[in-house]
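Try each task before reading its solution.

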Amino acid sequence: MAEGDVISDDAKPRLPRGVRLTHNEAQGGWVLLAPERIFKADAIAAEILKRCTGEATFAGIVDELATAFNAPRERIRADTSKLLLGLAEKKLLEL
Amino acid sequence: MAELPKPLGLLAELTHRCPLGCPYCSNPLALESRDDELDAGTWSRVFKEAAALGVLHVHLSGGEPGARHDLIDIAANAREAGLYTNLITSGVGITTRTMRDLWEAGLDHVQVSIQDADAVSADRIAGYRGAFQRKHALAAEAVRLGLPLTVNLVVHRANIERISEMVDLALKLKAGRIEIAHVQYYGWALKNRAALMPTTEQVTRAVAEVDELRRKHQGKIVIDAVVPDYHARFPKPCVGGWGRRSLNVTPSGRVLPCHAAESIPDLTFWNVRDHALDDIWANSPAFNAFRGTDFLPAPCAGCERREIDFGGCRCQAFLLTGDARATDPVCHLSPHHARVAELAAVQEDTPYAYRRM
């Protein structure tokens, strides 16, 4: 659950039905699609969103990304949190 | 020449058959027959070509797409091509069983049209007794399955006083979004213009009401509005610019820059039976007829809004001025703007000319 601007470690973020991450070569990469809406996802956003399956926990996703990209965990956590909270506010993600 | 834009949306008119008779139907007056409809295999190819061209959203529309017995295969093929698949339905002619199969085929979203919050009026507008009840049941079934729902309301004189009730109905149905679309006057709606046209006072009240409803229901439902353009000061950026963002494939495979494009005479449309979609997008005479803004005469030439609204709608320019290259006369800067105000002032309580095959 999200409280204020913090996502708890055991939250399991997922894309709701009707919101889908897809790859389109002609559009140059990953896009998040919703009814009448399109959000281009850069490489990092796509890596985060691919893991939002409703099964992995927020802490698990952060750990995995920190390992995969060999980056400081706190920075990954802050960036991931910012993206997910922004999407949740637009109803493009469930926390 | 500037780089060719990439389309984002494809409107797939699977059939012109429809049980309803809405007098503002966006299909052309000359409807295409069942015998000419593309088969599911051809649609499948078109979806793959569309995705390769950059299309992200496909809208399975009609007529009533439920009139196609192979609708589930068509929807599955659209999903398989990687497209975000939206079904635009009247809700009549789709059973709950079909809805469940569509859900299983991966349908992403459903849009159901509802003609009015008042059942008797809704059925009268649709020209179909019992339509309101059936739409209501189908929308509820879609939500029960977990499909995101948009309710579409086309606004005109017979229902403009009940926009707030329509939003309440959409909330009751648990729709995530409602489209409040004022009638756009092409095809059947143009034929029925005086019977559909609201008064200026009604339009002014309705626009304010929608703003108010948006504030009131913020966070509960998304309210998207299509403005009543005969009452506007600036024209709409029709289809996001001609041959720029979207394309429309008719039941028989003709590819149009917008659904009303056939109302402009002398345009040559290519067919998916003869050409690949990327070839049509890049080279068909119809798509290149009004691409860009260089062709626009004064007052668009030199206007700072030229790249915002692209001079408005080519079909409307033709229908109201006789010249498809003219500034859309909805623009208050158009020399023909007074004509729009004259037409918007004509209300006649004549019976609807219902859309029939």
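**Exercise 1. Find which residues have the most contacts inside the largest nonpolar core.**

Solution. Start with the core itself: the largest one has 128 residues, and B:Ala50 and B:Leu83 have the most contacts inside it. A nonpolar core here is a set of buried Ala, Val, Leu, Ile, Met, Phe, Trp, Tyr and Cys residues joined through C-beta atoms within 7 Å. Buried means that 20 or more other C-beta atoms lie within 10 Å of a residue's own, exposed means 12 or fewer, and partly exposed is in between, with C-beta atoms placed from the backbone. Next, look for the largest share of this core: six residues come from helix α1 (residues 40–53) of chain B. Helices (H or I, at least four residues) and strands (E, at least two) are DSSP runs, numbered from the N terminus. Finally, leaving out residues up to four places away in sequence, B:Ala50 touches B:Leu10, B:Val55, B:Val58, B:Leu83 and B:Leu277; a contact requires C-beta atoms, placed from the backbone, within 7 Å.

A word on the model: it is predicted, local features need pLDDT of at least 70, side-chain atom pairs count only at pLDDT 80 or more, and totals for chains, interfaces and linings use all residues. Residues are numbered from 1 along each chain as its sequence is written, while chains are lettered from A and ligands numbered from 1 in the order in which they are written.

**Exercise 2. Work out why strand β3 (residues 84–89) of chain B is largely enclosed.**

Solution. Count first: six of the six residues of β3(B) are buried, so the rest of the structure largely encloses this strand. Then check each face: B:Tyr84, B:Asn86 and B:Ile88 are buried on one side, and B:Thr85, B:Leu87 and B:Thr89 on the other. Now turn to the neighbours, where pairing takes at least two DSSP bridges between two strands. Strand β2 (residues 57–61) of chain B runs parallel to β3(B), joined by four bridges, and B:Leu60 stands opposite B:Leu87. Strand β4 (residues 109–113) of chain B also pairs with β3(B) in the parallel sense, over four bridges. There, B:His109 is the bridge partner of B:Asn86.

**Exercise 3. Decide where the buried residues of helix α9 (residues 200–216) of chain B lie around its axis.**

Solution. List them: B:Val203, B:Ala206, B:Val210 and B:Leu213 are buried in α9(B). Seen down the axis, the buried residues fall within an arc of 85° (taken from the directions from the helix axis to the C-beta atoms), so they line one face of α9(B). The face turned away from this side carries exposed residues, including B:Glu201, B:Asp211 and B:Lys216.

Methods
Two residues are in contact if their C-beta atoms, placed from the backbone, lie within 7 Å.
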